Amino acid sequence: MSLHPGTATIAVDDDPRRYEHLSTIRLEDPSAVARAAKARRRHSGLKYGRQNFIVAADHPARGALAVGNDPVAMADRRQLLDRLQIALANPAVDGILASPDIMDDLLLLGALEGKLVFGSMNRGGLAGLVNEFDDRFTGHTAAALEELGADGGKMLTRICLGDPDTVATLEATAKAIDSLAERKLIAMVEPFLSVRENGRVRNDLSTDAVIKSIGIAEGLGSTSAYTWMKLPVVDQMERVMAATTMPTVLLGGDPAGTQDEVFATWGAALALPGVQGLTVGRTLLYPADGDVAGAVAAAASLLHHTTEVSE
């Protein structure tokens, strides 16, 4: 298997037909996905003091294929599945956040045994779409996640004060939170204050903007009992984490700087109260040196597991 950019450090079968059996199953026995989900061994359970490591793989469903300077880095599904299986094979990786298509592939591959499973719910705000802020719920539903035996659903919640589509997205997010809570499933909300500049959407990653987005997002829905925050690592993370009592996972995004610099900022943020772990995708699945296993292991080493947690 070739892991561009860089050179792979793990020898993996590079047969172009290595996932052909997934096409065969989908053609001849599509109910195999549901059977695999039902038979899957669930995660042992969440505990405060034991941070979780979740790999994110829902970018292609929003048309976001770029990593760094490569505009189609995530386009090759075989390579993406290779990389995901390398990441999930690390016992420190607790789970997956994926769109339905990728989730189904991983279920059929048996790659989610003992893992946390989060489905990606709203992918309608396609990258570059003229009405990108109308981020409709076109992915997993709460009912489908319950049927899959998932642990929760994630929703991107971009708030643009100058775009009328924002209110519809907020309303749909609130309904999704309620629907998940009715089933005792986690709602992982990823809020941003966003603007449109020169036809492109930009998330405001200033400390005050992130804090304001938290205040709006954590008030959505008729209950917050099952709501988590999924937040970027920005300046003054102490102030950011002071804005919420909700369990929070840190997102990776497509950060600038070297891997060591990025990991240093993650490590500092992971030490803060309320931070439950990492939910990272492109940064680890497509590292500059091509060493997926090494990047995942390095990120896993940043997690905190306190001695107070009982096994």
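**Close-up views of a predicted model**

**Figure 1. Surroundings of Asp151 in the predicted model.** Leaving aside residues up to four places away in sequence, Asp151 touches Arg42, Lys115, Leu116, Val117, Phe118, Leu185 and Ile186. Asp151 itself is placed in the loop that runs between helix 5 (142–148) and strand 4 (152–159). With a relative accessible area of 16%, Asp151 is buried, because buried means under 20% relative accessible area.

**Figure 2. The aromatic pair of Phe118 and Trp228.** How many aromatic pairs does a search of the whole structure find? The search finds 2. One is formed by Phe118 and Trp228, whose rings lie 5.9 Å apart, centre to centre, with 45° between their planes. A pair of aromatic rings is described by these two quantities, the distance of the centres and the angle of the planes. The pair of Phe118 and Trp228 is tilted. Phe118 belongs to strand 3 (residues 116–120) and Trp228 to strand 7 (residues 227–232), so the pair ties together parts that are 110 residues apart in sequence. Are the two partners buried or exposed? Phe118 counts as buried, at 0% relative accessibility, and Trp228 is buried as well, with a relative accessible area of 8%.

**Figure 3. Packing of helix 9 against helix 11.** Two packed helices are described by the angle between their axes and the distance between the axes. For helix 9 (residues 259–270) and helix 11 (residues 292–300), the angle is about 30° and the axes are 10 Å apart. The two helices, helix 9 and helix 11, are therefore roughly parallel to each other, since angles under 35 degrees count as roughly parallel. Their crossing is right-handed. Which residues meet where helix 9 packs on helix 11? Gln259, Phe263 and Trp266 of helix 9 meet Ala295, Ala298 and Ala299 of helix 11. Sorted by class, this contact of helix 9 with helix 11 has 5 nonpolar residues, 1 polar residue and no charged residues.

**Figure 4. Arg83 in helix 3.** Arg83 is found in helix 3, which covers residues 77–88. At 0% relative accessibility, Arg83 counts as buried. Where does Val67 lie in relation to Arg83? In sequence, Arg83 and Val67 are 16 residues apart. In space, they are 14 Å apart, taken from C-alpha to C-alpha.

Conventions. Residues are numbered from 1 along each chain as its sequence is written. This is a predicted model: local features need pLDDT of at least 70, side-chain atom pairs count only at pLDDT 80 or more; totals for chains, interfaces and linings use all residues. Side-chain values use heavy atoms; hydrogens and water are left out. Rings of Phe, Tyr and Trp (its six-membered ring) pair if their centres lie within 6.5 Å; planes under 30 degrees apart count as stacked, over 60 as edge-to-face and the rest as tilted. Helices (H or I, at least four residues) and strands (E, at least two) are DSSP runs, numbered from the N terminus. Buried means under 20% relative accessible area, exposed over 50%, partly exposed in between (1.4 Å probe, protein chains only). Axes are lines fitted to C-alpha atoms, for helices over the stretch in contact, and angles run from 0 to 180 degrees between N-to-C directions. Angles under 35 degrees count as roughly parallel, over 145 as roughly antiparallel, 65 to 115 as roughly perpendicular and the rest as oblique. A crossing is left-handed if the near helix is turned anticlockwise from the far one by less than a right angle, and right-handed if clockwise. Contact means heavy atoms within 4.5 Å. Ala, Val, Leu, Ile, Met, Phe, Trp, Tyr, Cys and Pro count as nonpolar, Asp, Glu, Lys and Arg as charged, and the others, Gly among them, as polar.
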